[in-house]
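Hi there,

Here is the structure I promised to pass on. Have a look at it first, and then read my notes below.

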Amino acid sequence: MQEAPDAEHALALYRTMARIRAFEDAAEQASLGGVAAFGATLSQAKVRGPLHLSTGQEAVAAGVCAHLRKSDLLTSTHRGHGHTIAKGAALDRMMCELFGRASGYNQGKGGSMHIADFSVGMLGANGVVADGIPIAVGAAHALGMRGGDDAVVCFFGDGAINRGPFLEGLNWAAVRSLRILFVCEDNRWAATTETGSTTAGAGALARAEAIGVPGCKADGNDVLDVWRAAGALLAEVRAGAPRMLHAVTYRVKGHVSVDVAGYRDAAKHNKELERDPLVLAAAEIEALGVAREKLEAIGREAQAEVAAAVAAAHAAPLPDPRAAYEEVQDTGAGRWRE
């Protein structure tokens, strides 16, 4: 296991987390029509359709992706904004995609669950639970054929381990000794159901080890713990062996932005909120001798950057309606349009 990062690297981790938190907060407000105190309503929402927030899970994305190169590849989930930001995607193009604007990553046609940026190795989020796993395994197989030591990171949630692609993907990775790090981002909720109530046995890591993919568990709310664990595992992955990181965190928001999550126990929920990843990270970084003012400045910079992204999304043009016929599957010389 790697030692703790120095102050400079710890600040970089905090900056990534602050940018993710600011982005998610702004996206949430845009999906709800703004701040209620200002008289906004859902009819004024700029982000339409499902919006799955990663608020509270920032440490997993930041701690893992800090070890990745631009040439490394990544697949994400329906709750993928944090992973995308941590891999290096541009906030303005991400926000434009959420707003359905032509300058978004998918020209406004994909929305929250389909953001991809191949230029930084982000192969895309995925709205189907567990379906990022076979895509990541296919990418890792391609990297294996190419040679070198570039790696793939595959994020998925705890609900995904109960679906077929988990078994299929990890089995192929083990059989072929693929350079892939599987990251189970265990936020303990599958939509509106506590995952523990529908998952038998010892869980994600035990299942991975049974297939031949060893790994370790990390405190997914402690970015330094995630950083240490991910660094050690990725060193083994680059040497030619698949590994699993089981990062236990907590989903702060409901399943989607308009879900108030009334099905959760209020006392348990409030207890979990005491372990805010940014608060924990700030305390650890201050212990390294960094002044709180430095952390506060990073927070303000993140807020300003996201505010600029929101302004850009407001100003960006909507797609030309004719673009709806572009970049879609051709089912036969355009006859389907008739």
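To start, is Ala130 buried or exposed? Ala130 is buried, because its relative accessible area is 6%, and buried means under 20% relative accessible area, exposed over 50% and partly exposed in between, with a 1.4 Å probe and protein chains only. Ala130 sits in the loop between β2 and α5 (132–146). Its phi is positive, about 80 degrees, although Ala130 is not a glycine.

Some background before going on. This is a predicted model, with residues numbered from 1 along each chain as its sequence is written. Local features need pLDDT of at least 70, side-chain atom pairs count only at pLDDT 80 or more, totals for chains, interfaces and linings use all residues, and side-chain values use heavy atoms, with hydrogens and water left out. Helices (H or I, at least four residues) and strands (E, at least two) are DSSP runs, numbered from the N terminus.

How confident is the predictor? The mean pLDDT of the chain is 92, and 93% of its residues reach 70 or more; pLDDT is the predictor's confidence in each residue, from 0 to 100. Over residues 35–41, the pLDDT is below 50, and this stretch has 7 contacts in the model beyond near neighbours in sequence. Contact means heavy atoms within 4.5 Å. Where pLDDT is low, the predicted coordinates should not be read in detail.

Arg188 also has a positive phi, of about 75 degrees, and is not a glycine. You will find Arg188 in the loop between β4 (180–186) and β5 (189–190). With a relative accessibility of 29%, Arg188 counts as partly exposed.

Now for the helices. In α2 (residues 58–65), 8 of the 8 residues are buried, so this helix is largely enclosed by the rest of the structure. Among them are Val60, Gly63 and Cys65.

Two packed helices are described by the angle between their axes and the distance between the axes. The axes of α2 and α8 (residues 223–238) come within 8 Å and cross at roughly 40 degrees. Here axes are lines fitted to C-alpha atoms, for helices over the stretch in contact, and angles run from 0 to 180 degrees between N-to-C directions. The two helices α2 and α8 are therefore oblique to each other; angles under 35 degrees count as roughly parallel, over 145 as roughly antiparallel, 65 to 115 as roughly perpendicular and the rest as oblique. On the α2 side, the contact is made by Ala59, Val60, Ala62, Gly63 and Val64, and on the α8 side by Val223, Val226, Trp227, Ala230 and Leu234.

For α1 (7–31) and α4 (91–98), the axes come within 11 Å and cross at roughly 25 degrees, and these helices are therefore roughly parallel to each other. Arg19, Phe23, Ala26 and Ala27 in α1 meet Leu91, Met94, Met95 and Leu98 in α4.

The buried residues of α11 pack against α1, α4 and α10 (277–287). They include Leu295, Ile298 and Val306.

Finally, look at Arg101, in the loop between α4 and β2 (122–124). Arg101 is buried, with a relative accessible area of 12%. Its contacts, leaving aside neighbours within four places in sequence, include Cys96, Gln107, Ala313 and Pro319. Arg101 and Asp320 are 219 residues apart in sequence and 9.7 Å apart in space, C-alpha to C-alpha.

Enjoy exploring!
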